[in-house]
Structure formats: C-alpha cells, structure tokens
Amino acid sequence: MHPGVVNSWIRSPDEAIRLISEHTITPAADFTVGAELEWLVVRNSLPAHRVSVGEISRALGVYAPNGNGRSAPFPCGSTLTLEPGGQVELSSAPAPSASAVIDALTTDSTVLRACLAHESLELVSAAADTVRAPRRILDAPRYRAMERAFDRHGPAGRVMMTNTAAAQVCVSAGTSMEDAAQRWSMLNEAGPALLAAFASSPRVAGGMPGRWESQRMRSWFALDPQRTALPAGCGATDEYARWALTVPLMCVRRNGDCWDAPPGLTLGDWIDTGGNSNELGMLPTLYPTADDVLYHLSTLFPPVRPRGYFEVRYLDQQPGSQWRAAVAVVSTLAQSASTVSACREIVAGTSHLWHEAARFGMRHPELRSTAEELLTLAASCAATPVLSDLISEYHGYKQRLSMATAPTVRTPQRGEL
C-alpha cells in the first residue's frame, strides 16, 4: 500500500478523485530524472528459445527479483524486475541529472550482462522480438488476468506483454502545480514527434501485418484503447482521476489465483454500485479500498503516466547504447520552464499525430521536421557538452536512416491498427 494511505472504503467518486489526484503529482524543489530500460533476454546458442524464469533467476543470483518482484539494488542503485515474456527491466534510482542516470545505468547494466553471461544468456537491445512467438513465462495472477483482458481486443496485448521493450524516462513533476501542468502538457504534446524520432521496431514476431516504424507502440494503441489513450487535453490531476474512473478494471486482487475482473466494469461502476451483491458477485468486497483504487492506477497505460513524477512511456528501446540519447533528450526538454515553453511551440502542429508517428516515424514529413527541431533544441540546451554530443550524434543517425526510405504517407484507417 502507498505510504500514508489509510485502507478505508472508497464510497463515492469524489473520494476516489481526491485520492487519485493526491498521488498523481508531487511538487519537488529540485529537478530529478530517472530511467527504466527493458531488454530482451536470449540464450546465445539458441536465439529462438524462450528463456525460462528459472534460467534467468539462476543467472541473476543475488540480483534475482524477490517475493515483491524487485531485486536487491545493483552497485549504482538500480533495481531489476522481470516482465511477462522474460524481458528484464532495470530501473535507475532518481538522480539530479541525465548524466548521473546514464552513468548509473551503464555501470549497472554491465553488471547485469556479466551475471547473465555465467548462464550463456545475453541482453538484446531492441524494442521488439523478431524471432520468437509471443509467449508469457510469468504465471502471476496479475499477468494471467491481464492476458485474458487484453485477449478480448485481439493479439496485440500478448505481443506487447512478451515481445516488446521500452526505454522509459521519468522526470519530476515540477516545483509547483502550475509548473507541473506545463511540463505534463509538453510531455504529452511532444509525444508523437518524440515517438517518431525514437521509433525502432519495424518488425515484431506475432504482430499484425504491415510495416509500422514502431510495432511496439502499435501494439499499445490496439490492445485496449480505453486504457492507453487519454482524452485530448486531459490534465494530470482531477481530469486524470475522472478518466481513471471510466477505465474498466483489468484485474482485482483476491486471496486466490484468479484476479479476473467482470468484463467492462469500471472503477466508477464498482464505487457507484457498492452494496449490490448481485452485480458485484465477482468482486471480493462491496466497495473498493483506497489500496484498490491506487492499484487500479498501476493498470492504466497512457503515453505519459503521472505517478507523483511523470513517466514517459512512448519511447522504443534503442539499438546498442542509444537509449542514452532518449534520456538526454527528454530530461533536457523538461528541465526548465524555458525549454518546456519552446518545446510546446515547436510541437503545436503535430501533437495529435500519434498513429502516424508509430506507423511512419521519421518518414512522415511534418513529424520529421518537428522531431528535428526538438532534437536541435535539446542539443543546444543540454546541460553538458557530452549530453549535447549524444543528442547530436543520434540526430545525425536518424537523419541518415530516414533518408533511406521515401516518405510515403497515408493516414491509417479504422481497423488498420
């Protein structure tokens, strides 16, 4: 349970909205940044083999996730979790700068690679698995319920859960609620252009037909739109809380192994119909508790998720060490009121082009132009020459890559996601 939360019944939407809003933004005096990097794990002699939980745990040794699903800290403070398809996620501790985060994750990922090598396992720096069919290896109740809920919408959920990897960047919300509102808006409005700039998964095993530059984000868009797409202009506090009430429950924790939620029942429904045992026969309690409400927030997957800080979820994992550029770009654009304001001006014309960004990436002329302006801004405002060089080198790489394919653009039609 979240520290400070009294696990009382939540009997009205207003109570839920207040609780959620208290946990979406936490103003902080100092800017901090963190990152969560996911990698695919393969056995180097059998790349088509789906590595088991036991094999990964043996290789990790003292860094194997414990009963809470998280590992002991690595030397620089990062912790490791295991994803449903056997991907590993290394989450840094919050740091005062992008440089500190990059250094910490570079060191800790080196330790991680060395652990895996003892069992002939290796990390693959890619946003999508192009070889192995989607298959879940974690058998936790949450993931069983998640898989069944996503299956109602088609195969995209299994692809996302087991065959994709992200590079998520987290930044503090801001020094005030007003500052947080601006930063939140910028991170969402810049999403399509940054998604295009860092799209790196044109193929994925088990995915839908057709080339999209980010098959990873394509799977997110298709798996459950009610859970992954915010209403236009949605704020990060009360508006986000009201949206959360309208999203169907993905799972409900129980003592047993089955955490399935009644299909289509929202958190708001659970609160509104509390006390009607006929309608709530599949739920463990008449009303949700405060802990149930906060757990529901962990099952929402918008492009930017407010968790006290802001978690940017729309960036693909990158080849090699290019994830460093993703950390540098997002942290630089978010670091000050001036960069936030300049960024919002640049992206004003492309903030709605989410599907186009995933489909065409930098082959989309408007998105390419906007993304290049953002990368130029980030390189010019970066806190150190090293960060500036990382961004500039990545910018040059993407320019060369985008020139290799003609920008043939057509807006996706309904049913093509």
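The tour goes from a strand to a loop residue and then to helices.

This is a predicted model, in which local features need pLDDT of at least 70 and side-chain atom pairs count only at pLDDT 80 or more, while totals for chains, interfaces and linings use all residues. Residues are numbered from 1 along each chain as its sequence is written, and side-chain values use heavy atoms, with hydrogens and water left out.

**Stop 1: strand β3**

Select residues 88-91, strand β3. Helices (H or I, at least four residues) and strands (E, at least two) are DSSP runs, numbered from the N terminus. In a regular strand the side chains alternate between the two faces of the sheet. Here V88 and L90 lie on one side and E89 and S91 on the other, and all are buried (under 20% relative accessible area with a 1.4 Å probe, protein chains only).

Two strands pair if DSSP finds at least two bridges between them. Find W39, which stands opposite V88 of β3.

T79 has S91 of β3 as its bridge partner. Five residues separate the strands in the hairpin of β2 and β3, where G86 takes a positive phi near 100°.

**Stop 2: D129**

Select D129, in the loop between β4 (121-124) and α4 (141-151). Is D129 buried or exposed? D129 is buried, because its relative accessible area is 4%. Leaving aside residues up to four places away in sequence, D129 touches L40, R50, N163, V204 and A205, where contact means heavy atoms within 4.5 Å.

**Stop 3: helix α12**

Select residues 290-297, helix α12, where eight of the eight residues are buried. Among them are D291, Y295 and H296. Show also α1 (13-24), α4, α10 (238-246), α11 (267-272) and β6 (304-306), against which the buried residues of α12 pack.

**Stop 4: helices α16 and α17**

Select α16 (residues 365-381) and α17 (residues 385-402), which pack at an angle of about 160° with axes 8 Å apart. Axes are lines fitted to C-alpha atoms, for helices over the stretch in contact, and angles run from 0 to 180 degrees between N-to-C directions. That angle makes α16 roughly antiparallel to α17 (over 145 degrees). The contact is made by residues including R368, E372 and L375 of α16 and I391, H395 and Q399 of α17.

Note on methods: Buried < 20%, exposed > 50% of the residue type's maximum accessible area, 1.4 Å probe, protein only. Parallel < 35°, antiparallel > 145°, perpendicular 65-115°, else oblique.
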